[in-house]
Each structure stands twice: as C-alpha cells, then as structure tokens.
Amino acid sequence: MRLLHLITIVLALTAGLSADAKRLPEPGGEVRVQLFGSDLSLFEQAHVTLPLLERSRLGGLATWRSDVIALELGEDTTSWLVRAKLQRTFVLRSIQQCLGSTSSAWPARVLRAASISAEARLSGDAIALTFSKPVGAAHELLSGCWLQSSFALGGPFKQAGPTLLEANKDAMVPGPLLDRVQMVGDAEQAHIREGRGEAPGDGRVIAAAYPDVLLLVQRGEALKQDVLGVAADAEPGLATFYRQFAAGTLVQVYSGGHGMASRGVLPPGLAEPHPLPRVRAAARVEPLALSAEDRYVRSVPVYVNQNDRVARGFEDRLSLFLGSRSIGVSRVAQEAGARDGLSVVRWRPPSRDPGISMLELMGRFPELRVGDGTLLLKLLSDSRAARLEAALEVERAWIDSRRVIPLATLDVWYEVTSGLEGVSVSDEGVPLLDDAFWGGSP
Amino acid sequence: MTRRIPIKSSATIHLWCCVLGFAIGLGTAQTAFGYEDSTGTLVESVARAVIERARAQEIQTLSTVDIETRGAFDQGRFQTFFTRRLEEQLGFAGLVAPERGRVGQANLRIVVSVKSQRVWAVGFLEPTSGRAPIPLAISRVLDDELAYALGLRRTQGANRRWSIERMGVVRGQVLDICFVPIEGQGDETLLAVLTTDAVDFYRQPGLDDSLQQLSFRHELGVTRWPRIVAGWMGAYAPGKIWLATTAADEDPYVVDIESRERTRAPFVGVPVRQQDELGSGDVFFADRTPSSASLRGKLRLVGGQPVTGAPVMKSFRDAVFMARDNLWATVDADGRLAVSAGQGDSWDLGGERVGDRLVLTDLDDDEIFELVTTRASYQGEPDELMIRRVDVLSKRLISSFRRSTDGAIAALAVGRFHSEDGPAVWFVEQDSVGLATVWRVVMR
C-alpha cells in the first residue's frame with residue numbers, strides 16, 4: 001500500500017511539463033538541496049552538462065532523443081556513426097573520455113566486463129565509433145556518457161560557486177524555470193533532502209523509477225567454505241538463512257519500510273516479474289543461537305560502506321548470523337579487502353537496461369563473471385528481449401552458485417517541500433530540477 | 001404584452017381543414033402538422049383545445065386572437081415559435097379564415113406564462129353572441145428546448161441541461177484556439193487552432209457537423225521553444241489573426257488568411273480576447289514577460305491606446321471584461337481568480353486558483369454571464385471544465401456545470417460558426433500521444 005502510495009506521488013510529481021499544461025508554471029526562485037557523497041557529483045553532472053543521449057517517450061513509445069548527437073548503425077553492430085549537433089571535437093573527446101580503457105564511467109566498466117574495447121575517431125563529417133565485438137545496445141551505453149565541454153555549451157544550469165548552480169542562459173537546451181539551486185548541508189534548510197527513515201506526514205515524496213538492491217556478495221574462500229551454510233545441499237540452507245536473516249524486518253527498522261525483502265537481483269523497473277530459483281526450508285526454523293561469549297572458530301572478512309546506515313544494519317545482522325555459526329567478522333575498510341569474504345552491497349543499477357546493469361555489476365566484481373563470451377555479448381545484444389533473457393540467465397547463475405544472495409530492494413526517495421513541483425529522479429537516482437518550479441509564489 | 005393576429009384568408013385552408021378533421025378523428029393531431037418538438041407539442045395542444053371547444057359550440061370562425069405573455073419571454077422567438085405556429089394551425093382548421101365581410105363568432109384570448117417549471121396557456125373563447133366564455137387551460141413541462149424556443153430567460157432554479165459534444169480531432173500540441181470571421185464570406189467563421197507547429201483552420205458545415213480542416217495552414221517555423229511553451233491568438237479584424245508565442249526571438253505578428261501573408265504586428269502585444277455572448281468582441285493587448293506565460297502592463301486596444309478603466313495588474317494570465325456590470329475577471333500569475341470592479345471592490349473568492357485561461361459568455365441566454373475556467377492542475381493530472389454564473393448581487397460565482405476530462409484542457413474559446421447557432425464554449429482536450437479532441441458545450 002505504501003509502495004502504491006509512493007508510486008502515485010511519483011507519477012504525479014515526475015510528469016514533465018509541456019505545452020498542454022492548462023496551468024503553466026511561473027519561472028523564478030531558488031531551491032536548496034541536501035545531498036551527500038557521490039550523489040552530489042552526479043547531481044551536478046546532471047544539471048551542468050548534457051548526456052549524449054536521453055530516453056524519451058514519444059506517443060507512448062520509448063525512444064531516444066539528444067540535443068548533442070544522432071547515432072546511426074554502421075555496417076554491423078561493431079561500427080556506429082555518431083553525427084554531432086555541435087562541434088565534433090567536443091563530442092569526440094566526450095566519447096573517448098567516457099568509453100576509454102581507463103575511464104571510470106559506467107559505460108567503460110560495462111565494456112571492460114564484456115572484454116570489449118571501443119575506439120572513436122573523426123570520419124568525414126561524423127565520428128566513427130568502433131567496438132571490438134558487437135554492441136547492439138549502443139544507445140543505452142551512450143546514455144551514460146556526458147558532454148565534456150565548456151559551461152556555455154552545457155546543461156540548463158551553470159556552476160556559479162562551489163555550492164551554487166545558476167540558470168544557464170546560453171545552454172543548448174531550454175533554460176530551467178528556477179533561477180538558482182543552492183547545495184546545503186543542513187537538512188532543515190533544504191527544500192529537497194534525501195529520504196531517510198519515515199516519510200514526512202504530508203506525503204511529499206518522490207522516488208526513482210527503480211529501487212536500489214541490497215546484495216550479499218560471496219567471494220573466494222568464503223564462498224568455497226560456504227561460511228553461511230547456504231550451498232545447495234548444505235545445512236541450514238538458503239531458505240533457512242532467509243528466514244533467520246529477516247530482511248523484511250530489517251527494511252522496516254533501518255529504512256522506515258521504504259523497500260522490501262527480495263530474492264532477486266534484478267529489481268522491478270529493470271525486469272518484468274519472473275520466476276526465481278526455488279529454495280526449501282525445514283518445517284521448523286529455529287531462532288539464531290547466540291552466546292554471550294565470543295567463541296569463534298574462525299573469522300571472515302566483511303565489507304560494508306560505513307556511510308550507509310541501512311547496509312550497516314544488514315551487516316550487523318549478518319555478523320549475528322555468522323556468530324550463531326561460531327564465525328567471527330573482521331570488518332575491512334575497502335571492498336577489495338573482502339576478496340575472500342563477504343560484501344554487503346547497495347547496488348544502484350546504472351541503467352534501466354537489465355543486460356547493461358548486470359555487466360556493470362560484473363565490472364565491479366570480476367568474480368561474478370559467468371558463462372562464455374557468448375552470454376556476455378548477449379547482454380549487449382540489439383534486442384531488449386535478448387538482453388533481458390541473458391540477464392535472467394546471469395541472475396539465476398549467481399543465485400544458484402550463491403555468489404550473490406539478494407537481500408532486499410530499497411526505494412530511492414527524496415523529501416520535497418510543499419509547493420515545489422516538477423521534480424523528477426534520474427536513472428542515476430538523483431533529483432532532476434530542469435522542469436522544477438514553485439507552484440505558488442516563489 | 002399583447003399581440004393581435006390579423007385574420008387572413010387562404011384558398012388552401014378548406015382542403016387542410018379536411019385533413020385536420022381526419023387527423024383529429026384518428027387521434028393523431030400531435031403529428032399532423034409535423035411539429036414533433038416540445039414547442040410544437042405545446043402549440044398543437046393549445047390549437048386542439050381551441051378547435052374542439054369551438055366545434056362543440058358550433059363556432060366556425062374567430063373574430064380576433066389575442067395572445068399575451070407574462071414573464072421574461074423573448075418576443076421575437078415567441079412570435080416565431082408559438083404565435084405563428086398557432087396561427088397556422090388555427091388557419092388549417094378554418095377558424096381564422098372568415099369569408100370576406102363575414103364577422104367571426106368568437107374572440108380568442110390566451111395568456112402564456114411560466115409557473116412551477118411549467119408553461120401555461122390559459123384563456124377563453126368568448127362568443128360574440130353574449131354566451132358565457134369557454135375556458136381553456138393547457139400546460140407543458142418547461143424543458144430546455146421549450147425555454148430556448150420561447151426565449152425564456154430562466155431563473156437559477158430552473159432545470160438546466162448542459163450538453164457536451166465531441167466535434168472533431170486535431171493533430172499536434174495545441175496552444176490556443178480562436179474564432180475568426182471571414183470578410184466577404186457571408187457569416188462564415190473559421191476556428192483557428194494554434195499548435196507548436198502551425199495554425200490550422202477548421203470550418204463546420206452545419207450546426208452539428210464535425211469540423212472540417214481547410215487545406216491552408218500557416219507554419220510557425222519555430223525551431224526552438226523555451227521550457228514554457230505558450231501561444232495566444234486574437235482575431236482583431238475579419239480574416240486577420242494577431243499571433244504571439246513564447247518562442248525565443250519571435251515577435252508577435254499578423255496572419256492574413258485571405259492573402260496568406262505574415263506581417264509584423266503594429267506593436268509588441270499579446271492578444272487578450274474579449275468575447276461577447278455570441279463570440280465576437282474586442283481584442284485587448286498586454287505586454288509579454290520573457291520565457292513566461294504571464295502577461296503584464298496596461299491593457300491596450302488594437303490602436304495602441306490604453307483601455308479605459310482597466311485594472312492595474314502586476315502579472316496576470318488572462319483578463320475578461322463584463323461591460324454591462326463593469327466588472328473584470330482576471331487570473332494572476334499564481335493562478336488566483338479575481339473579480340473586481342475596475343480599480344477596486346474585489347469580490348471575496350477565497351483565493352481560488354484556476355487554469356490560465358478564462359472565457360465569458362451567456363450560454364443560457366438569461367442575461368447573466370457565465371465564467372468558464374479550467375482547474376489549476378498541471379500535466380498528468382485530470383482536468384475539469386467549470387462554468388459558473390457571475391452573480392452580481394451576491395458577488396459570488398455560482399457553480400453551474402462541471403465536467404472532468406482525462407486529458408489536459410489546452411485551449412478555451414467562446415464562439416459560433418454560423419449566425420443562427422447559439423452561444424457555445426469550445427475547448428480542446430489534449431492527450432499524451434499528440435492528438436487533441438475538440439469539444440463543444442452548449443445548453444439545450
């Protein structure tokens with residue numbers, strides 16, 4: 001019910017503006033936003049520059065639009081032609097920076113996970129983009145690339161100070177309705193703040209199109225030794241683990257109920273409802289047997305992002321679970337430190353595309369690579385149905401092998417002050433203010 | 001008011017008299033004259049009562065027929081739809097066709113009035129012989145059709161019947177619509193539809209026919225719209241549309257439908273249409289606010305001179321003037337609806353917010369204006385058309401008609417295609433796939 005309520009609000013709030021609004025908004029005003037960490041840089045990127053391609057809906061059909069490029073298929077899906085709508089060198093540099101072998105952008109990580117290299121070069125009046133293997137999902141991939149150029153050619157806002165964005169009158173896209181966006185640290189001052197715990201009483205909440213996924217990733221020795229006892233024929237088994245872990249309760253406790261226990265990797269929004277591997281629990285599941293004394297026979301390295309309160313809550317429960325099996329936890333500060341251990345991972349799929357998202361997770365954890373090259377290429381096929389099929393195959397392989405144990409989905413949501421309309425949430429999970437406006441007096 | 005019908009003679013009356021007698025004998029008088037509407041039924045009932053009583057008293061002809069109305073009848077319509085029809089039917093029966101020089105045997109006196117939502121025709125057949133007058137009393141329910149036909153100005157409590165009719169589909173993202181009279185084309189009027197691409201023109205061949213698109217269209221040629229996409233049109237002269245949009249670097253201009261030429265507007269002004277109840281009227285002009293759907297500045301006439309008595313408005317979306325009551329209705333930039341007498345004396349409307357556009361008309365012909373608005377909602381939310389009576393005495397807007405729509409109401413206008421059409425509100429409901437439905441609201 002709460003989810004339904006949330007979706008209703010999101011639909012109402014995220015509807016873009018257009019000419020047929022019977023009450024057109026009045027431009028002007030300032031909005032104060034509170035964001036943290038990587039979300040802050042994603043937010044700035046989304047407002048001061050432009051993606052090379054954007055998803056759009058035209059007449060009910062999902063399609064692609066761009067103020068920057070037009071993408072054409074070459075002879076086959078290894079070669080694409082990019083026609084720039086502005087200076088080609090800007091676009092070329094942007095593609096090279098995004099897809100280059102040393103790039104940290106997610107499209108580059110996706111290509112690396114599939115062992116594909118990309119080359120972009122000027123070719124006549126266009127840019128030739130060549131992949132070492134077929135990439136049918138080039139549009140999806142380039143939607144993760146951003147224009148690297150001067151502010152004058154950028155997005156609807158420009159950086160006017162370390163914490164201030166101003167409307168960019170020389171932008172390539174229609175100017176925003178707001179005059180300024182101020183980043184603030186104090187939640188009390190913010191008109192938009194990251195949702196934590198209980199939603200505000202007045203229901204002013206917006207959520208992303210799909211949730212984050214909380215996963216437990218087992219690697220190296222931890223997987224080999226089955227420290228959780230969840231292997232296919234092991235005791236107590238995965239079903240008992242799920243019951244004793246009680247992820248649904250943890251979502252209630254640590255996330256204010258904004259999410260739910262989940263046994264799938266692909267969240268709603270990325271994949272249609274689909275069957276998951278069946279697991280059976282014993283008729284009676286005992287509560288965790290815990291002792292006041294630490295009598296651990298061994299310990300296992302565990303990583304969790306210490307800044308993520310919800311993930312830390314799950315990690316606490318994990319340590320209790322391991323403790324009941326007389327296994328201690330040695331917390332590590334870096335994800336790389338848990339190569340032979342467990343990671344509690346909050347995963348935000350970078351794209352609505354299931355194939356690309358699975359490759360992105362593989363790029364983060366090379367141990368998750370599955371199948372032969374054919375399956376990986378299928379994740380980048382030109383058919384979404386084929387990509388979804390491949391993604392489901394990968395998901396099943398991860399769960400069957402217990403390399404990935406899905407725990408929960410966590411809604412990505414923001415509190416929005418009353419009167420502020422037109423705010424949406426990007427696929428990256430940050431608020432978008434291009435169409436935002438004050439419904440009453442600014 | 002009394003109208004005395006001069007008694008006429010006709011060579012065809014005797015033949016029709018036989019037909020009528022046969023028809024009455026078969027009990028089919030109600031359709032014998034071909035009047036199957038409410039007014040026809042009333043007239044036939046009165047005629048039948050008179051004829052039956054006259055026959056019973058062996059009265060062959062009438063000397064005079066006096067018909068009097070009590071109440072707010074439109075005398076022109078009453079004469080057309082009641083008096084002439086009654087005269088015709090009595091003529092068919094031979095009662096008003098005395099032979100030349102022959103004196104009639106009775107006088108007919110009828111008073112038509114309205115009471116308790118019924119139309120009453122009460123009167124006497126007064127024999128000239130001095131015998132006692134013969135009474136007659138006929139009544140019919142006052143429905144919308146009868147009220148319209150008799151030109152009755154109905155009171156608030158009357159049983160109104162609004163009719164909302166689908167008139168056609170137009171393509172594109174609609175910004176505004178307006179009616180444009182065409183010079184030298186009789187009374188032909190076109191509906192101009194402004195979209196983000198062009199202005200398209202539509203005609204309506206008959207009162208209830210669907211709209212037909214003309215082959216001529218005026219392309220806007222706008223390549224770059226700001227985030228606020230809005231447009232305004234006003235026909236300030238026959239065949240000439242003054243057009244303004246929020247498109248960057250686009251000054252207002254005039255489109256001449258006949259020459260198909262585009263010329264620069266005499267000054268930079270946004271048309272603010274002022275319709276009367278039949279859809280014609282002045283066009284006022286206001287200043288634009290860059291990248292906004294709001295208007296500002298003093299309202300001006302087409303010659304550029306200020307509109308006398310217009311309120312000073314800081315920033316507004318639309319304004320209409322009710323000349324008879326010297327009232328202005330405005331929507332400000334925040335969507336607040338206000339009604340005021342020029343510079344002051346604002347009505348307390350509770351700060352209600354409405355959509356950007358207003359239109360004003362007298363749809364039910366009761367000499368009380370109706371203010372038509374939409375809901376102050378944004379895209380993705382259901383919209384609503386609201387018609388409210390402007391009650392000058394109580395200084396209130398009284399809800400008269402509401403209709404929810406699935407899509408956004410993108411444009412509103414008052415007008416009519418032909419001079420014989422009644423007043424109507426036209427609006428465009430925009431859906432999410434680039435189709436827009438044109439609706440008409442009338443009172444029937």
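Of the 442 residues in chain A, 52% are buried. The structure is a predicted model, and the values below are computed from its atoms. Chain A contains 12 helices and 23 strands. Its radius of gyration is 23 Å, close to the 22 Å given by the globule rule for 442 residues, so chain A is as compact as a globular protein of that length. The C-alpha trace of chain A spans about 65 × 55 × 40 Å along its principal axes. For contacts in chain A between residues at least 6 apart in sequence, 71% connect residues at least 24 apart. The accessible surface of chain A amounts to about 18,900 Å², with 50% of this area belonging to carbon and sulfur atoms.

Within chain A, strand β6 (residues 118-123) and strand β7 (residues 126-131) run antiparallel and are joined by 6 bridges. A:Ala118 has A:Phe131 in β7(A) as its bridge partner. The two strands β6(A) and β7(A) form a hairpin with 2 residues between them. In the turn, A:Gly124 adopts a positive phi of about 60°.

A pair of aromatic rings is described by the distance of the centres and the angle of the planes. Over all chains, the structure holds 17 aromatic pairs. In the pair of B:Phe78 and B:Phe82, the ring centres are 5.0 Å apart and the planes lie at 20°, under the 30 degrees that counts as stacked, so the pair is stacked. B:Phe78 and B:Phe82 are both in helix α4 (residues 75-92) of chain B, and because they are 4 residues apart they are separated by about one helical turn. B:Phe78 counts as buried at 3% relative accessibility, and B:Phe82 counts as buried at 0%.

An edge-to-face pair is formed by B:Phe179 and B:Phe417, with 5.2 Å centre to centre and 75° between the planes. B:Phe179 lies in strand β7 (residues 174-181) of chain B, whereas B:Phe417 lies in the loop between β26 (408-414) and β27 (425-430) of chain B; the pair therefore ties together parts that are 238 residues apart in sequence. B:Phe179 is buried, with 8% relative accessibility, and B:Phe417 is buried at a relative accessible area of 1%.

In chain A, ring pairs link A:Phe241, A:Tyr242, A:Phe245, A:Phe314 and A:Phe321 into a cluster. A contact of a charge with a ring is found in chain B, where B:Arg262 lies over the face of B:Tyr253 at 3.5 Å from the ring centre.

Conventions: Residues are numbered from 1 along each chain as its sequence is written. Chains are lettered from A and ligands numbered from 1 in the order in which they are written. This is a predicted model: local features need pLDDT of at least 70, side-chain atom pairs count only at pLDDT 80 or more; totals for chains, interfaces and linings use all residues. Side-chain values use heavy atoms; hydrogens and water are left out. Rings of Phe, Tyr and Trp (its six-membered ring) pair if their centres lie within 6.5 Å; planes under 30 degrees apart count as stacked, over 60 as edge-to-face and the rest as tilted. Buried means under 20% relative accessible area, exposed over 50%, partly exposed in between (1.4 Å probe, protein chains only). A charge sits over a ring if NZ of Lys or CZ of Arg is within 6 Å of the ring centre and within 35 degrees of the ring normal. Two strands pair if DSSP finds at least two bridges between them. The radius of gyration is taken over C-alpha atoms; the globule rule is 2.2 Å times the number of residues to the power 0.38. Contact means heavy atoms within 4.5 Å. Accessible areas come from the Shrake-Rupley method with a 1.4 Å probe; for residues, only the protein chains shown count as cover.
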